[in-house]
Amino acid sequence: MTRTRRLSLPDGYHFRATLRSLLVVRYDPCGTLTDTDFWLSARTPEGPGSLHLARAGAELTATGHGPGADWLVDRADAFAGLRDDVSDFPALAAAHPLVARLARTFPGVRYPASGQVFHRLIRAILEQKVTGIEAHRAYRSMMKHFGEPAPGPAELLLPPDPEAVAATPYWTFHPFGVEQRRTQALLRAALVAARLERCVDSAEATRRLTAVPGIGPWTAAEVVRTAFGDADAVSVGDFHIPNTVAWGLAGEARGTDARMLELLEPFRGHRGRVCDLLAMGGISAPKFGPRMPIRSFAKF
């Protein structure tokens, strides 16, 4: 089954920067991204499918493939971030000169809302307490291990079936570079994946996610920001973001979670967006200590 839909893009829309959060770019067997083309496979309520977004000027063509084509194409505007309401953000951004400048510099970056909770949750759990390179290698290995061919011509793999993940012994994940703690969180999440996918909004998803042992506020925020397009979700507990916010908004080289939230309060409703703008603008606090080493749990 194939279905196509055409969408109009707002002035200044940034295709690549908007969609990159849906993928582990360069490591993702479930999707690809260029300046004008985006592919993503998905397990939808109507069955497996893949979505292709092709940009040509101010128009976006969405094409769905497979049993999940209708579901994916109906949500194509959400995947593309076109449901992200930024109408009130310029007034809030004006409260701080740096945020105001960054908002003017990156006006076309939107928050996608994929509706895909478990797929994004896998990545967030794998990213807990390790470097990005370690997490992304583990993600790619896991996708290849569990992946099945996705519908469509892009030769993608489908995200793992939660039932298959839940039925897998934890030692299977060790060669992926994932230790027992993160593996147990993955297995617990897989057991409740169906309930997580039925969440109607970011608040409900956050409550259900943080009720699962091994999933805290940081992981939940990473998920809902992309699955529900929640521009207010702040990754409390992150190693870098409190320092970045403290430095960017107050000139303080180090910050706590409490100080970060205090500084972000004037931007409530868009606090996560402010954090992302600081990152896009290359804002980072001074570094005083050694970098975290890249390890391989598969060799332990």
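The lining of the second largest pocket divides into 19 nonpolar, 5 polar and 7 charged residues. The model is a predicted one.

- Several elements give two or more residues to its lining: β3 (37-44), α6, α8, α9 and α10 (193-197).
- In total, 31 residues line the second largest pocket.
- Nearest its centre lie R43, G115, Q116, V117 and E197.

**T168, a buried loop residue**

- T168 sits in the loop between α8 (162-166) and α9 (180-191).
- Is T168 buried or exposed? T168 counts as buried, because its relative accessibility is 11% and the cut-off for buried is under 20%.
- Which residues does T168 touch, once neighbours within four places in sequence are left aside? T168 is in contact with F146, F173 and L187.
- T183 is 15 residues away from T168 in sequence. In space, the two are 9.9 Å apart, C-alpha to C-alpha.

- T131 is found in the loop between α6 (117-126) and α7 (132-146).
- T131 has a relative accessible area of 13%, so this residue is buried.
- What joins the side chains of T131 and E134? A polar contact of 2.8 Å joins them.

- R26 is not a glycine, yet its phi is positive, at about 80 degrees.
- Where is R26 placed? R26 lies in the loop between α1 (15-19) and β2 (31-33).
- R26 has a relative accessible area of 76%. R26 is therefore exposed, as the cut-off for exposed is over 50%.
- E155 is not a glycine either, and its phi is positive at about 55 degrees.
- E155 belongs to the loop between α7 and α8.
- E155 counts as exposed because its relative accessibility is 75%.

Methods
Residues numbered from 1 in each chain as written. Predicted model: local features only at pLDDT ≥ 70, side-chain atom pairs only at ≥ 80, totals over all residues. Heavy atoms only, no water. Helix = DSSP H or I, 4+ residues; strand = E, 2+ residues; numbered from the N terminus. Buried < 20%, exposed > 50% of the residue type's maximum accessible area, 1.4 Å probe, protein only. Contact = heavy atoms within 4.5 Å. Polar contact = N/O pair within 3.5 Å; in protein donor to acceptor, adjacent residues only side chain to side chain. 1 Å grid on protein atoms, 1.4 Å probe; cavity = no way out; pocket = protein on both sides within 12 Å on 5 of 7 lines; lining within 4 Å. Nonpolar A, V, L, I, M, F, W, Y, C, P; charged D, E, K, R; others polar.
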